[in-house]
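Here are some comments to read beside the structure. Please keep the sequence at hand and look up each residue as it comes up.

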Amino acid sequence: MSTPLLEVRNLARHFPAGERSWSGAPRQVLKAVDGVSFDLERGESLGLVGESGCGKSTLARTIVGLYPATSGTVRFEGTELTSLSRSAWRPYRRRIQMIFQDPYASLDPRQTVAQILDEPLRLFGMGRRRERRLRALALLDAVGLNPRHVNRYPHEFSGGQRQRIGIARALAGEPDLIVCDEPVSALDVSIQAQVINLLAELRERFGLAYLFIAHDLAVVRHLCERIAVMYLGRVVEVAGREALFRSPAHPYTQALLSAIPHPDPEVERTRERIVLTGDVPSPLAPPTGCTFHPRCPHRGAVPGNRCATEPPVLLTDAEGRQRACHLEPGS
Amino acid sequence: MALLEVRDLRVRFETHHGTVRAVDGVDLTLEPGETLGLVGESGSGKSVTNLALLGLIPSPPGVVEGSVRFEGEELLGRSDEELRRIRGNRMAMIFQDPMTSLNPLLTVGRQLTEVLELHKGLSRRAARARCAAALGEVGIPSPEERLDQYPHELSGGMRQRVMIAMGLLCEPALLLADEPTTALDVTIQAQILELMQEVQRRHGTAIILVTHDLGVVAGMADRVAVMYAGRLVEKGPTGPLFAAPGHPYTRGLLDSVPRLEGAAGEALASIPGSPPDLAALPPGCAFAPRCSEALEACRAERPVLVDLPGARASACPVLAGGGKKTEAPA
């Protein structure tokens, strides 16, 4: 098989936290991302889901090089990125782009749309001034905005339109991979649907690969063929879309799916629900063993207290599903 | 007698850009123990409606008109002092963001006991005991210790539980919950919603649940009212309304929600365009520019909310044709 577009291996990103000791060394380490591995094929869309604080945004930022990795590797078409110098990174910046959550904060309020879109084109050396202008107009058209609004400022657009500008900017360098960090969660439902449809259409049209980060499983289901579930800095399950929603294999995935309210009163009032007890533990003091075990409804089912002592490894089964859990499969 | 009767509620703000009609003629009734879901997107006026019920709209720039009758008494036009006796006592509220609505400088205990000292005249010691019990009731472990902690020492889910405990201290007849779980993760949201239902069963509290999340409404509300651009476009019992929406906006909203079942990867139905500028509303139906069913008449004249069989009402002459007309708001 050919090299995947993106290969992430044992990637970790730790932050110093809390007070420092007399020597200046941090007393505590926050393991935001702690040993994550996955592959992403060209043109594929992988969803990364989990609750706040599980490390999904940190993972995204470490992959695109906004944070240096603490350990582990990120390979893009076989080239190791984490050890590259700033200048060596440059060609990959064009090919790996990012869309951020907050369309209000991710655009410079003092730049017009024309300037916002021209900047990446100029930096990546994509054409002369006139060509770049035409390209900016074409980008606006591609994301469903009126090219005549190219001289407007971000505040003149609504939230959904601003997110379209952010998408146009990400498309400017003709990337192979777009890392989308909660791109629709700040939008209203009716607008959210428009942006989801746009992202699906653009992917088809330009052959893009997405690493799509979201807390909303239903959104991910619409855009991604494969889904990875994160909990406290680790991936606990990876499966194809159909398999994950039909038969979630990790107890955390099961609880997460069952917690989503269903927009149909009849279904919502009769379905069985797994309500987890307790909060997500602090990543500064993660539980021993499986980090999910204090909230896990099945923790008693594994003999020998392994859940509390031994961290489960992400294992791949015959169908290619991955799961990190001590429970017998299918139980 | 209805617990709450809102008639022709109007809230407008005078701004540099002109008059913004945030709430424009809203009628609502609520019976004791009932849950009403107030649904709409950002800027639809749902939160402003809630604040107006509580008398919390600052004036100026806000102007509130209409009638709000709560337990038989008119609330609009009351003095702040009179309203303070009702707020937190007979009528309580839970806000979206427990971080900004709890005072960061006071301990949890101080903020809770204040409510009972003020409304029930309890001594601080007696109030403290009651508050510890209240925290226990909303599932907070070791409540005695929590009373001496500050809000920043608690997790988001814990803080929202404190807000709920605070709202329910005086056993209010009506609880106004504005996006109470929006800032929380789904697994914590599930816990909080279950808690609210349990508390409601125990105390017979009526709830107005303001939310944009149709899934939350489906599980919680007995009746639903849908707002768009400051007006009610549809209301009715939850089941029938979800099964057969009586307004194109409601239908569009329901179709836009990504689902966990059915065909995946297909394009979602979406509502074209975006909500209107409240300072420059179109003359007819505010939804007409985005509506696939709109007729000439919809763009010319503002449709009124028309009563329909089955305790429903809709402001769409196309989907709800043939109903009995209610009085047009003056």
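The points below go from the overall form of one chain to its details and those of its partner.

1. The model is predicted, not determined by experiment. Every value in this note should be read with that in mind.

2. Start with the overall form of chain B. Its secondary structure comes to twelve helices and 13 strands. The C-alpha atoms fill a box of roughly 65 × 50 × 40 Å along the principal axes. Does the radius of gyration of chain B agree with what a compact globule would have, or disagree? A compact globule with 330 residues would have a radius near 20 Å, and chain B has 21 Å, so the two agree.

3. Burial and contacts in chain B come next. Of its 330 residues, 53% count as buried. Among the contacts in chain B with a separation of 6 or more, 64% are between residues 24 or more positions apart. The chain exposes about 14000 Å², and carbon and sulfur atoms supply 52% of that area.

4. In soluble globular proteins, nonpolar side chains tend to be buried together. The largest core here has 63 residues, and I167(A) and F212(A) have the most contacts inside it. Helix α6 of chain A, residues 189-206, gives the most to this core, with seven residues. A second, separate core has 38 residues, including C170(B), I192(B), V199(B) and V216(B).

5. Which residues does F212(A) contact, leaving aside neighbours within four places in sequence? Among them are L46(A), G47(A) and L48(A), then C180(A), P183(A) and L199(A). The list also includes V219(A), V220(A), L223(A) and C224(A).

6. Helix α1 of chain A covers residues 56-63, and six of its eight residues are buried, so the helix is largely enclosed by the rest of the structure. The buried ones are K56(A), T58(A), L59(A), A60(A), T62(A) and I63(A). After the helix comes G65(A), with a positive phi near 85°.

7. The structure holds eight aromatic pairs over all chains. In one of them, the rings of Y231(A) and Y252(A) have centres 4.5 Å apart and planes at 55°, so the pair counts as tilted. Y231(A) is in strand β9 (residues 226-231) and Y252(A) in helix α9 (residues 251-259) of chain A, so the pair ties together parts 21 residues apart in sequence. Both are buried: Y231(A) has a relative accessible area of 1%, and Y252(A) has 0%.

8. Chain B has an aromatic pair formed by Y228(B) and F287(B), which is edge-to-face, with 5.1 Å centre to centre and 85° between the planes. Y228(B) belongs to strand β9 (residues 223-228) of chain B, while F287(B) is in the loop between α11 and α12, 59 residues away. Y228(B) is buried at 3% relative accessible area, and F287(B) counts as buried at 3% too.

9. Back in chain A, Y231(A) and Y252(A) also belong to an aromatic cluster with F292(A). The charged end of R13(A) is over the ring of F15(A), 4.3 Å from its centre. R221(A) lies over the face of F245(A), 5.7 Å from the ring centre.

10. Is the bond from S59(B) to P60(B) cis or trans? It is cis, with omega near -10°. The bond from P60(B) to P61(B) is cis as well, with omega near 10°. P60(B) is in the loop between α1 (46-53) and β4 (62-70) of chain B, and P61(B) lies in the loop between α1 and β4.

11. Last, two residues other than glycine have a positive phi. N305(A) has a phi of about 55° and is in the loop between α10 (265-270) and α11 (306-309) of chain A. At 52% relative accessibility, N305(A) counts as exposed, because the cut-off is over 50%. E71(B) has a phi near 50° and is in the loop between β4 and β5 (73-74) of chain B. With a relative accessible area of 31%, E71(B) is partly exposed.

Definitions and conventions. Residues numbered from 1 in each chain as written. Chains lettered and ligands numbered in written order. Predicted model: local features only at pLDDT ≥ 70, side-chain atom pairs only at ≥ 80, totals over all residues. Heavy atoms only, no water. Buried < 20%, exposed > 50% of the residue type's maximum accessible area, 1.4 Å probe, protein only. Helix = DSSP H or I, 4+ residues; strand = E, 2+ residues; numbered from the N terminus. Phe/Tyr/Trp six-rings, centres within 6.5 Å; stacked < 30°, edge-to-face > 60°. Lys NZ or Arg CZ within 6 Å of the ring centre and 35° of its normal. Core = buried A, V, L, I, M, F, W, Y, C linked by side-chain atoms within 4.5 Å. Contact = heavy atoms within 4.5 Å. Rg over C-alpha atoms; globule rule 2.2 N^0.38 Å. Areas by Shrake-Rupley, 256 points an atom, 1.4 Å probe, with all protein chains shown as cover.
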